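Good morning, and thank you for coming.

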Amino acid sequence: MTNLKIHKYIIIKYLICYLLTISTLACLAQIFDDNQNPPSVKWRQIKTEHFQIIYATEFEDGAQTLTNILENSIKRVSKSIGIKPRKISIILQNRDVVSNGFVQLAPRRSEFATTPPQQMDYQDWLNSLAIHELRHVVQFDGLSGHFKPPLLEQLGLAIFGVTLPPWFYEGDAVAIETVLTPSGRGRLPSWELPFRTNTLSNLKYSYQKDFLGSLKSITPGYYELGYFMTTKMRRDYGEDFINQLMKDMVKKPLRPYNFSRALVHATGYNTKSWHRKTVQELDSLWREQLQKTSPITYEYFPHTKPQEIVDYLLPQALPSGEIIALQRSYHSVPKIVILSKENTVKEVIKTGIQTHPHFSYGGGKIIWDEMRYDKRYHKRSFHVINSYNLATKSYRQLSFKTRLFSPTVSPDGKTIATVEIDLSNQVNLILLDSDTGAEKKRITIPSHIMIQTPSFDKEGKNIIATATSSNGTSLIEINSYTEETNLLIDWQEQQIERPIYTPFGIVFKAHYNGIDNIYCLEPSKNIRQLTNVSYGAFNPSYDQFSETLYFNNYQPNGYLISKENATHFREKTFEQDSNFFISYYKPLLAQEEPITAPDSTQHKTFASSPYKEVKNLFNFHSISPVGDDFTSVRNFDLGLQLLSDNLLNTLSTRVGFNYDQNISRSDYFISATYKRWFPTFTLQYRNQAQLSNIRMQNRPDELIPLRWREHYTELRTTIPLTFNRLNTIYNTGLSLGTSFTKRYQLSLTDIHIPNFSEVRFPLLAQLYFNRNSRRSLHDLAPKWGQNFNFIYRDLTFDRRTDGSIFSMRSTLYFPGLVNNHSLQVRFNFQERSGNYRLMNDIPMVSGYDQLTTTRVNNTLFLDYRFPLIYPDWDISPLMFVKRIKTGLFADFENFVQQNNLSPRTLGLEVRADLNLLRFYLPNFDAGVRAIYVNEPHTKRLIFTYGLSYSY
């Protein structure tokens with residue numbers, strides 16, 4: 001559901017000295033979500049004792065509801081950590097269609113994406129979101145709350161990020177969300193599904209693999225793993241355990257492996273042994289549950305290799321008897337495929353980014369939804385409808401800049417029903433023409449109900465959907481002619497999903513017996529269980545021609561397909577009066593004060609007022625070290641900067657100094673970047689020291705050092721654009737900049753260098769365009785990609801001097817000989833004149849710094865890369881290796897000017913994808929490159945080593 005921002009902040013700059021004591025030079029970085037809303041958004045705010053709620057004007061009712069939830073929950077959420085959190089600002093983002101939330105420090109704030117998802121637990125979305133994210137606020141303040149603005153927030157963030165593993169704070173938040181609400185993910189069999197399936201299938205992985213993930217196996221994920229590990233702590237050691245554990249860590253903030261050592265001190269188990277103990281207990285409980293449910297073994301298809309991770313979601317029968325499904329796998333991007341009767345798989349079309357897997361088939365048409373970026377303001381996104389005609393093999397996007405979810409097409413293929421969620425969270429069912437996308441009808445859903453995944457009946461008259469509210473879930477039927485709505489069953493404490501019409505009743509997924517199975521609401525209003533699987537059954541569909549029910553049957557390697565003839569399941573009867581879910585959270589109920597039902601008497605109306613950005617441009621929060629490159633102590637810049645970032649991400653300000661060890665001088669700087677408008681603007685000033693060498697006329701063979709200081713002022717404007725269509729993502733942008741440099745305090749006073757004292761307004765222009773296909777988990781690069789970057793620098797505006805440089809960098813991606821292999825071609829060239837004639841603005845060949853210096857006009861790089869193995873190696877607590885990969889390369893220089901078109905250098909590289917020190921992020925890429933010098937040289941073979949990281 002949510003993604004706490006701190007898990008992206010792995011070792012922050014403040015802790016360099018601490019990290020050196022445990023023998024690592026890991027890169028330190030912090031990732032912020034620094035996107036903006038359109039400037040047309042009008043903001044309001046509600047201020048209470050504990051919160052500042054900032055929201056768009058159209059979300060007034062939702063903001064009032066959420067403020068009540070937060071104020072009524074703060075004491076209960078804080079109870080087991082034993083603190084009262086400081087006041088925090090929460091921004092409600094109602095233009096983002098990706099249902100999410102996060103809490104961060106530096107600056108301290110939280111953001112809630114308010115649009116409800118189409119697949120969640122059985123409660124109001126804002127209630128679940130508020131409890132989960134509020135727990136993160138309490139966690140922050142419990143561990144590092146005494147590090148406050150305007151100077152110390154980033155230090156607090158560093159201590160939090162280094163001390164707590166993500167599984168702990170996310171698992172604890174899921175447990176609180178589960179205990180303090182009527183629902184929560186800890187009550188859902190679907191949420192624990194991969195962990196339970198692995199355990200019951202004897203796929204019990206190491207602590208690091210379960211936590212850090214894998215590129216070859218399905219692992220539980222740190223949310224699920226953390227929920228069970230933290231819940232077991234409180235099950236075994238009581239309500240106050242989390243509080244005492246965090247207090248122990250606060251007392252010793254710089255202790256290496258602080259969390260694990262605190263856990264040992266409290267329990268006698270470190271994180272690795274606690275993981276083993278938790279899995280052992282779960283294995284016993286889940287096997288007992290499996291015995292009670294007495295599952296049936298169903299045949300499934302297609303038959304895949306045991307090690308191949310692949311899903312065939314939402315299976316639906318075609319008139320030909322073939323099956324159409326949405327395929328997801330580690331080795332390829334999502335696509336809609338057709339499975340033949342011979343079990344072969346044929347691709348229909350690759351899909352784009354989806355907020356949840358979905359498509360619908362009817363009347364020869366495939367209909368699905370996708371997320372679309374706003375080209376500039378990434379706090380705003382859209383959900384659009386796409387269509388593919390199987391007969392004509394033609395694709396069409398039917399809606400633009402819409403907020404439409406879970407489209408379903410009528411059996412005759414003429415009408416689409418889709419869920420619209422507007423900016424106030426009002427839900428409408430929209431009927432569209434499937435050929436043009438034109439709106440045919442709009443049906444308003446009662447304001448307290450969210451609907452999900454609608455489906456037509458055989459005649460196209462009635463529509464069935466899942467209804468979700470604060471009371472639970474139900475089945476809602478909507479008459480598309482009369483617009484009447486009717487709840488077919490009482491509100492349920494069930495995750496009801498994807499209801500469909502069949503001749504024998506309404507079929508849907510639920511978990512009445514504690515395992516996700518397929519159920520039927522019969523005409524008599526009796527609910528009957530139709531399947532009884534071992535792990536989970538999902539996504540039912542019915543083929544009336546063969547009278548067959550298809551569904552997804554989850555297995556250790558993914559969602560495969562099973563089927564059951566209607567005559568068979570009519571004859572079967574399953575015991576469904578007992579819920580055998582293990583309810584791991586239940587011992588915690590006695591430790592907390594859960595709310596079993598919403599209390600309308602607690603709702604009050606809070607005073608609100610306009611939120612003026614101009615009055616809140618500056619928000620100083622931290623003193624931070626200067627620079628982000630800590631890969632070498634020799635390149636370490638000593639310095640500090642004062643950081644300011646306003647809450648809406650429109651203005652970032654930096655003021656500071658750094659000491660350049662290479663020239664033993666200090667620099668001073670101030671910069672500001674304003675990002676509210678379509679172009680972004682950056683203005684910076686630096687007072688900096690410089691060092692170079694010159695030749696004197698009277699001593700032409702001697703290089704004499706020259707020092708000076710300079711005032712450097714720069715103005716730059718940029719238009720960054722990102723957009724996507726189907727399987728392709730585009731980035732393009734234009735940047736223009738200029739500067740003014742004033743030099744003074746020359747160390748050599750008796751020399752005259754023409755036009756040296758000032759550099760007046762050089763022009764910098766940059767234009768880039770990138771078009772790349774989406775990558776699968778196993779892809780080392782996009783299968784197809786075209787990337788071009790043009791840079792032009794010119795001294796036209798300074799009449800005392802002249803010079804220009806034009807450069808082009810390009811990268812082209814092509815598929816390799818085998819799936820997940822990649823061929824990369826990079827061509828770069830530059831043209832220089834005047835004062836720029838000695839400048840290189842393009843990448844050089846491998847090993848260039850150790851070769852004979854040449855005048856380079858162009859370079860060409862050919863790289864062929866491919867994965868070797870996915871070992872999942874645990875190398876003590878220091879390293880976890882996920883993948884070993886290799887590649888061959890050849891680097892050409894000035895190749896179009898030579899008769900001999902041979903590479904200047906070529907060679908082999910071997911790299912590894914790994915995690916260090918059990919940190920979830922960043923992901924490190926470490927490797928060695930053997931470079932062969934293809935020309936006379938004192939050293940024909942050169943080795944270089946590299947360590948990079950990504951998030």
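Predicted model: local features only at pLDDT ≥ 70, side-chain atom pairs only at ≥ 80, totals over all residues.

**A strand pair and its surroundings**

Gly 362 stands opposite Lys 365, which belongs to strand S11. Residues are numbered from 1 along each chain as its sequence is written, and side-chain values use heavy atoms, leaving out hydrogens and water. Helices (H or I, at least four residues) and strands (E, at least two) are DSSP runs, numbered from the N terminus.

S11 covers residues 365–373 and is joined to S10 by three bridges, the two strands running antiparallel. Two strands pair if DSSP finds at least two bridges between them. The open sheet here has four strands in the order S10-S11-S12-S13, with antiparallel pairing. Its edge strands, each pairing on one side only, are S10 and S13 (394–397).

Strand S10 (residues 360–362) also contains Ser 360. Is Ser 360 buried or exposed? Ser 360 counts as buried because its relative accessibility is 7%; buried means under 20% relative accessible area, exposed over 50%, and partly exposed in between, with a 1.4 Å probe and protein chains only. Leaving aside residues up to four places away in sequence, Ser 360 touches several residues, including Gln 316, Pro 407 and Val 409, where contact means heavy atoms within 4.5 Å. A polar atom of the Ser 360 side chain lies 3.1 Å from the backbone nitrogen of Val 409.

I turn now to another sheet. This open sheet has six strands in the order S4-S5-S3-S2-S1-S29, and its pairing is mixed. S4 (101–104) and S29 (608–610) are the edge strands, each pairing on one side only. Within the sheet, S3 (residues 88–93) and S5 (residues 109–113) pair in the parallel sense over four bridges. Phe 112 in S5 is the bridge partner of Leu 92. Helix H3 packs on this sheet, touching S2, S3, S4 and S5, and its direction makes about 15° with that of S4.

Finally, which helix does H3 cross? The axes of H3 (residues 125–144) and H5 (residues 166–179) come within 9 Å and cross at roughly 135°; axes are lines fitted to C-alpha atoms, for helices over the stretch in contact, and angles run from 0 to 180 degrees between N-to-C directions. H3 and H5 are therefore oblique to each other, since angles under 35 degrees count as roughly parallel, over 145 as roughly antiparallel, 65 to 115 as roughly perpendicular and the rest as oblique.

Definitions and conventions
Polar contact = N/O pair within 3.5 Å; in protein donor to acceptor, adjacent residues only side chain to side chain.
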